Amino acid sequence: MTTTFKNFIGGAWVEPAGGAYYENRNPADHDDLIGRFPRSSAADVQKAVESAKRGFDLWKRTPAPARGDALRRAGDILVRRKDEIADLMTREMGKPLAETKGDVQEGIDTAYYAATEGRRLFGHTVPSELRNKWAMSFRRPIGVCGIITPFNFPLAIPTWKIFPALLCGNSIVFKPAEDVPHTGHVFIEILLEAGVPPEVLQLVHGVGEEAGKAIVDHPEVPIVSFTGSTETGKLVGETCGRMHKRLSLEMGGKNAQIVLDDADLELALDGVLWGAFGTTGQRCTATSRLIVQSGVHDQFLGQLVDRVKKLKLGDGRKSGTDVGPMINEAAVRKTEHYVDVGQSEGADLLCGGRRATGKGLEKGWYFEPTIFARVQAGMRIEQEEIFGPVLSVIRVNTADEAFTINNDVKYGLSSSLYTRDVNLAFRALNELDNGITYVNAPTIGAEAHMPFGGVKQTGNGHREGGWEVYEFYSETKVGYVDFSGALQRAQIDNY
Ligand code: NAD
């Protein structure tokens, strides 16, 4: 029997106002129907915002350390349910269990970090210009937060946003990506069990252009946090700009791994395999460009193609699977399209390049890990985000040429450099235009207590994770207390 899921609005699990639903299927097996989920409309979002305003009034008065206690309990529940959540997450989005367990672990780490932040949320107390007067700043919550997330980290990315938003005293209206609603459902269950008051949390399932857009458009949602493609982020940004909303955008990437002649090639090989084909290339930080210095180019590429051909595609819930399916048919088509583009641009297709068929793969959205060589800077496959298992390899003669190519794209999320030259490594940290640079490690691997985000068209200057995200979800307020008993005038020339 098919399970029909509900939204969580006004402290209760409720059906969508319009009564419409959509199906969520397992990308490794189209016949496996996970459930029917609400296709919500602006009417549902309206109810969600009304409830979230009531939730905000309650939650903002709860002391921050007590808010943190609820998040610690959420972390404890995630620990208890880790294997179960990883399994349902793999079932709905495909990446292997080791990766979905990592996704849950990221949520656990984020919960425990947030819990302790409830005892910090520092402001500043500074000397006043005047006698017998105190000057201080402190942090206040903002209101109803609109939270819109992508499919590739179904738990981790919502926790990056929702835990700090709650810790700061805000309420939330959360719309998970349409391909991963089950994980969103379970996350709300966990927050409720952890003791977050019901009206603080609203879950509105549905399609981006309908439910997502209605959240962004709503005048009583003063703050929006969005992770997804640069194209969608641009639309979200236009609305938020017009309505003067606080907005955090985390968007696309075209990340490069640079391998220089002096690199540890075995290490670099492991790095690019994981960076390019982990999560089937569907990571914002995926390695989609490999820039190799000419002295090691041919040897490295030969070894890489051998290793890639040995990767085992399959259902992420089966042991031995290295690479799972893509998220849906549209993602496979987009990847096929870029393979055509690469070939018409004159790049050499060394392996992959088509839908994977074969035993056990018939009912899934599988795509063969793909490598293009002889890619030139400026080609579309070198510039545009494909978001699939496709790696473009570019040959360079010098480190400086590699740095220029790394920087010459519109995105700026992560980069990676393999070298044994310590001076060059530090120079790269300064010169590579990305939010994150790894030395002798792949382009993926963010840690929960460090700021995460990118420059240029990847982001709009905010960071998730670490200490910086708390700035985004709270407003600085300044208080002056004058206990002199006399009128003291600041901004006046008293000298
Ligand atoms: P997407 O842009 O298609 O969707 C993201 C979310 O936005 C979904 O919940 C979707 O329903 C919603 N949405 C769609 N149209 C909307 C609209 N008009 N108004 C409001 N919401 C709308 O992205 P995706 O395919 O789910 O994820 C892949 C993209 O996300 C890639 O570009 C990837 O690089 C990016 N990403 C970035 C980061 C980061 O931190 N920089 C992390 C993960 C993924």
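A residue counts as buried under 20% relative accessible area, as exposed over 50%, and as partly exposed in between. In this predicted model, Q488 has 21% relative accessibility and therefore counts as partly exposed.

**Q488 and its surroundings**

- Q488 is located in the segment that follows β21 (474–482).
- Apart from neighbours within four places in sequence, the contacts of Q488 are L130, R131, N132, K133 and D482.
- Q303 is 185 residues from Q488 along the chain, and 75 Å separates the C-alpha atoms of the two.

- Strand β7 spans residues 144–148 and is mostly covered, with 5 of its 5 residues buried.
- V144, G146 and I148 point to one side of β7, while C145 and I147 point the other way; all are buried.
- Strand β8 (residues 171–175) pairs with β7 in the parallel sense, over 5 bridges.
- Within this pairing, V173 of β8 stands opposite G146.
- Between β7 and β8 the chain passes through helix α4 (residues 156–167), giving a β-α-β crossover that is right-handed.
- β7 also runs parallel to strand β10 (residues 223–227), to which 4 bridges join it.
- On the β10 side, I223 is the bridge partner of C145.

**Nonpolar cores**

- The largest nonpolar core is made up of 78 residues.
- F163, L166, I172, L191, I381 and Y473 are the residues with the most contacts inside this core.
- Helix α2 (residues 64–93) supplies the largest share of the core, 10 residues.
- Two of the residues with the most contacts in the largest core, F163 and L191, touch each other.
- Not counting residues up to four places away in sequence, F163 touches L71, A74, L78, G107, T110, A111, A114, P158, F187 and L191.

Notes. Residues numbered from 1 in each chain as written. Predicted model: local features only at pLDDT ≥ 70, side-chain atom pairs only at ≥ 80, totals over all residues. Heavy atoms only, no water. Core = buried A, V, L, I, M, F, W, Y, C linked by side-chain atoms within 4.5 Å. Buried < 20%, exposed > 50% of the residue type's maximum accessible area, 1.4 Å probe, protein only. Helix = DSSP H or I, 4+ residues; strand = E, 2+ residues; numbered from the N terminus. Contact = heavy atoms within 4.5 Å. Pairing = 2+ DSSP bridges. Right-handed = clockwise from strand over helix to strand, strands pointing away.
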